[in-house]
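Subject: Structure for you to look at, with notes

Dear colleague,

Here is the structure I promised to pass on, and my notes follow below it. Please keep it open as you read.

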Amino acid sequence: MPRFSPQQLTATVAEIVRLAGSSADEAKIVATNLVEANLQGHDSHGVGMIPHYVASIRQGGLKPNTSAKLLADHQAILVFDGQSGYGQVIGAQVMDAGIARAKSAGVCVISLKNAHHLARIGAWAERCASAGLVSIHFVNAFFRPLVAPWNGVDAKLGTNPFCVGVPRDGQTPMILDFATSGIALGKARVAFNTEKPLEPGLVVDADGQPTTDPTCMIKEPFGALLPFGKHKGGGLALICSLLGAAMTGSLTERQSTPGDMRVLNGMLSILINPAMLGGADSFRSEIDAFLPWVRQSRTVEGEEILFPGEPEQRRKAERTHDGIDVDDETWQQMMEAKASLATA
C-alpha cells in the first residue's frame with residue numbers, strides 16, 4: 001500500500017485532473033479538496049473518486065472549467081445552477097456568495113442544483129464557520145439509487161448527506177457531517193478494494209438478504225445500503241431528497257438512468273450570522289461553558305467523549321505527520337485513469 005505526503009498526493013491528483021481538461025487552478029482546487037478528505041480520514045470522499053470523475057467527464061456528465069450560474073437573487077435567497085461543474089469549484093463559489101450575503105443580511109438561504117459531486121459536505125460547513133457563520137446543509141445525491149427506505153430492501157434513495165457547522169472562537173469548529181445511510185457508497189468501495197467485509201446491518205444484497213460483502217454495492221446485481229438509525233435515518237434521507245433536490249430543481253433518484261456516471265448534488269444551505277441574533281453573546285459564552293460540562297460525563301470503558309469534527313482533526317494531524325495510505329486497488333485505478341488521459 002503506497003504512502004504519500006499530502007503535498008505529493010495533491011500534486012499527483014492535480015496532474016490527473018489537469019490532463020482531464022481542467023485549468024491548473026481548477027486542478028489544484030479539486031486535488032486539495034480530495035486530499036483534505038483523505039487527511040481527515042474520509043477516504044470514501046478522497047482521491048479514490050478520481051477514476052469516477054474521469055469516467056463522468058468522458059460521458060459528458062462532468063464539465064471541467066465550469067462555474068456556478070446565478071439564476072435568481074432574492075436578497076436573503078440566492079439560487080444557483082452548478083451546470084455540472086466540479087463540485088469542489090461550484091461549492092466554493094456558492095458558499096462565498098452566501099457568506100457575503102449572510103454577513104450583511106444576517107441570513108442567506110442558498111438553492112443549488114446540478115453541481116457535480118460536492119465531495120465532503122463538511123468542507124462547506126468549515127468554510128462558513130471560518131467566516132463566523134452557522135450553516136445547515138440538506139444534500140441530495142443523484143447517482144443510481146443506493147439506499148433502501150426504512151423497512152424496504154430496494155434501493156430508492158441516495159446517500160443524501162446532512163451537515164451542520166458551528167463556529168467556535170479560537171478553536172476548530174464543530175462539524176456534524178454524515179450520510180443518511182449507515183455508510184457512504186465510497187466506504188463500500190474502500191472495503192471492496194481492500195477485500196474487507198462490512199459490519200453487519202449496513203447492506204442487503206440483490207435478493208434483499210443481509211450481507212457483509214461489499215461486492216453487491218460495486219458490481220451487479222446491486223443490493224442496497226440501509227439507512228442509519230432505522231426510521232430516523234430513513235426519514236432524514238427522504239427529507240434531503242425533497243429539500244436538496246425537489247425544492248432546488250435538481251434531479252431526484254427516480255429520474256436516474258442505468259450506466260449514468262454523473263454524481264450530481266442538489267443542496268439547500270442555510271447560513272446564519274450569529275452576531276446578528278439576540279442571543280449572540282450567550283451563544284459564544286455557552287459554547288465555552290456547555291461543551292466542557294458535557295465532557296465531564298462518565299464514559300464507556302476504554303472510550304472518550306468526542307464532539308463532532310474532533311475525530312477528523314485528530315486523523316488530520318496524524319496523516320499530515322505520517323502520510324496518507326492509498327490502497328493498491330485505488331492507486332492502480334488512478335494510474336490507469338492517468339495513463340488513459342495521457343494517451344488520449
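Asn160 is found in the loop between S5 and S6, where helices (H or I, at least four residues) and strands (E, at least two) are DSSP runs numbered from the N terminus. This is a predicted model, in which local features need pLDDT of at least 70 and side-chain atom pairs count only at pLDDT 80 or more, while totals for chains, interfaces and linings use all residues. Residues are numbered from 1 along each chain as its sequence is written, and side-chain values use heavy atoms, with hydrogens and water left out.

Backbone points

Although Asn160 is not a glycine, its phi is positive, at about 40°, and with 0% relative accessibility Asn160 counts as buried (buried means under 20% relative accessible area, exposed over 50%, and partly exposed in between, with a 1.4 Å probe and protein chains only). Asn151, which lies in the loop between S5 (134-142) and strand S6 (162-168), also has a positive phi, near 75°, but Asn151 is exposed, with a relative accessible area of 67%. Both are worth a look, because most residues other than glycine have a negative phi, and most peptide bonds are trans. A cis peptide bond, with omega about 0°, joins Glu220 and Pro221, and Pro221 sits in the loop between H7 and strand S10 (224-225).

The largest pocket

The largest pocket has a volume of about 1,200 Å³, and of the 49 residues that line it, the closest to its centre are His52, Phe143, Leu146, Leu185 and Gly186. A pocket here is, on a 1 Å grid over the protein atoms alone, an open set of points where a 1.4 Å probe fits, with protein on both sides within 12 Å along at least five of seven lines, and lining residues have an atom within 4 Å of a point; grid points are joined across faces, edges and corners, and the volume is the space filled by probe spheres set on the points. Helix H6 (185-193) is one of the elements that supply at least two residues of this lining, and H6 gives the most, with 6 residues. The lining divides into 24 nonpolar, 17 polar and 8 charged residues, where Ala, Val, Leu, Ile, Met, Phe, Trp, Tyr, Cys and Pro count as nonpolar, Asp, Glu, Lys and Arg as charged, and the others, Gly among them, as polar.

Just after H3, Gly60 takes a positive phi of about 90°.

Cysteines

The structure holds 0 disulfides, a disulfide being a pair of cysteine sulfur atoms within 2.5 Å. The sulfur of Cys108 is 9.4 Å from the closest cysteine sulfur, in Cys128, which is too far for a bond, and Cys108 is buried, at 0% relative accessibility.

With best wishes
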